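These are my notebook entries on a structure that I looked through element by element. The sequence and the model come first, and the entries follow.

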Amino acid sequence: MSIIFADAWLITMNERREVLESASVCVEKDRIVAVSTRRDLEKRFPAAEIVDCKGRIVMPGMVNTHTHLFQTLMKGLGDDMVLKKWFTCMTGPSSVHLTPEDAHAAALHGCVESIRSGVTTLVDFMYVHTRPGMIKAVVEAFDETGMRGFVCRGFISLGEEYGVPRELIEKPEQAIGDARKQMRRYNKPGARVQVGVAPNMIWAVDEKGYRLTRKLADEEHALITTHLAETTFELETAKSRYGQTDTEFLSEIGFLGPDVLAAHCVHCKAHDIRILKHHNTKVAHNPCSNLYLASGCPPIPEMLMAGVTVGLASDGPASSNNHSLFQAMKFAALMQKGFHQDATILTAEKVMELATIDGARAVGLEKEIGSIEAGKKADLIVIDFNNAFMTPIHHPVSAIVYSALGNEVTTVMIDGRFVMRDGVVNSVNEAAVRRQAQISADDLARRSGSDKFKKRPWRSMAI
Ligand SMILES: [Zn+2]
């Protein structure tokens with residue numbers, strides 16, 4: 001069965017970055033087979049179903065390179081807090097009480113939210129393993145919604161002195177053993193969902209944890225993701241423990257490599273950036289989270305100038321409050337312009353690359369996804385620009401990055417399957433998913449005591 005997305009304003013993200021007016025895309029099974037005119041494709045694929053895309057933009061599905069899906073249940077509970085309090089009073093206790101059922105409800109909701117805002121590939125960083133079955137719960141949510149991506153088996157091996165709840169701390173051998181088990185279970189060649197491994201951050205993982213992670217990734221050929229240089233606290237701990245930055249230390253012990261996706265890198269200096277480039281380590285940029293938690297403005301232009309691959313991300317909704325990459329695109333551009341007082345420093349076109357083809361490169365899937373070209377996987381989205389926010393329209397990339405709200409996505413195809421069509425999510429029952437997520441969110445807040453933040457007093461002034 002072939003499908004032709006016909007007469008679209010097509011943002012290809014191919015090598016030449018062609019933006020084509022009135023172009024058509026033909027999909028067969030899970031692959032894009034041709035990009036041409038409607039007339040030509042109708043002739044070549046006479047039995048194809050036609051999806052009329054007049055007045056619509058078609059573009060590659062976006063890649064969200066960093067989130068913690070379970071935090072979907074914690075939206076809004078950690079607003080306006082300094083990071084330490086955010087973690088010790090809200091995110092930490094909520095994590096301790098999380099069950100696999102909660103993780104599943106949260107992941108389903110997070111995947112639906114992502115589909116609705118045009119994301120077709122997600123990297124989930126799951127570091128809560130207080131009970132068995134957390135990875136399975138998230139993988140199943142990917143399976144049910146049709147999402148593509150990586151479920152990374154995270155872990156924390158120390159940090160009680162910094163307020164990490166004891167229940168979240170695991171022995172590295174045990175965490176790595178479990179990660180290996182999950183990889184062997186799920187990582188079949190070409191699988192839409194893969195398991196990766198995710199040591200949390202420099203002050204929460206010991207050297208042994210990083211070394212075992214590297215060994216595991218080498219043996220299983222799996223993706224590694226980790227938090228890097230997110231806050232000044234990470235830099236301070238790295239300095240006092242190892243006498244260097246976390247980037248320098250991880251380079252020195254042989255941890256960094258092209259299979260490492262480092263989230264944040266807010267406080268990476270020129271030397272750290274050179275190290276990232278040297279190892280071809282990739283970066284997941286989380287503009288909304290970095291601003292929400294007041295972590296700072298990462299040196300993205302410097303990384304891009306140095307040739308480091310950067311993908312875009314939302315981060316967990318406990319620190320960005322949704323999974324919208326539309327918001328991430330706009331914030332990514334605006335934060336750099338404001339910070340550098342230079343309107344040219346990050347363009348709409350570059351931000352579109354971060355969200356698509358560069359994100360694909362960041363997770364090692366640039367040959368499969370990230371652009372609309374014959375031979376690639378059929379991961380694409382349709383955006384209806386006939387609304388007051390996106391019109392009058394002159395330039396589709398500008399309209400998407402700066403004008404769109406994100407809810408203009410009407411149709412989403414992942415791996416050749418319509419997971420949303422004409423505004424209706426059809427891989428799962430969205431109403432039931434949202435209902436269950438609210439029940440789980442309320443119950444988790446009550447059990448963990450973070451429901452006190454639901455009834456917070458009005459705070460007009462700093463607290
Ligand atoms: Zn994170």
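**Entry 1: a hairpin and its strands**

I began at the hairpin of β15 and β16, where two residues lie between the strands and D415 takes a positive phi near 55 degrees. The model is predicted, so local features need pLDDT of at least 70 and side-chain atom pairs count only at pLDDT 80 or more, while totals for chains, interfaces and linings use all residues. Residues are numbered from 1 along each chain as its sequence is written, and side-chain values use heavy atoms, with hydrogens and water left out.

Helices (H or I, at least four residues) and strands (E, at least two) are DSSP runs, numbered from the N terminus. Two strands pair if DSSP finds at least two bridges between them. I noted that β15 (residues 409-414) is joined to β16 (residues 417-421) by three bridges, and the two run antiparallel. Within this pairing, V412 has M420 of β16 as its bridge partner.

I then looked up β14 (residues 380-384), which runs antiparallel to β15 and is joined to it by four bridges. Here L380 is partnered by M413 of β15. I also recorded that six of the six residues of β15 are buried (under 20% relative accessible area; exposed is over 50%, partly exposed in between; 1.4 Å probe, protein chains only).

**Entry 2: the zinc ion**

Which protein atoms are the donors of the zinc ion? I found NE2 of H66, of H68 and of H227, lying 2.1 to 2.2 Å from the ion. Donors are N, O and S atoms within 2.8 Å of the metal (3.2 Å for Na, K and Ca); water is not among the atoms, so sites may look incomplete. Along the chain the donors follow the spacing H-x1-H-x158-H. H68, in the loop between β6 (62-67) and α2 (83-96), and H227, in strand β10 (residues 224-228), are 159 residues apart and link distant parts of the chain. Both H68 and H227 are buried.

**Entry 3: helix α3**

I checked the length of α3 (residues 100-116). At 1.5 Å a residue (times one less than the number of residues), its 17 residues should span 24 Å, and the end C-alpha atoms are 24 Å apart, which agrees. Of these 17 residues, 14 are buried, so α3 is mostly covered. After α3 comes G118, with a positive phi near 85 degrees.
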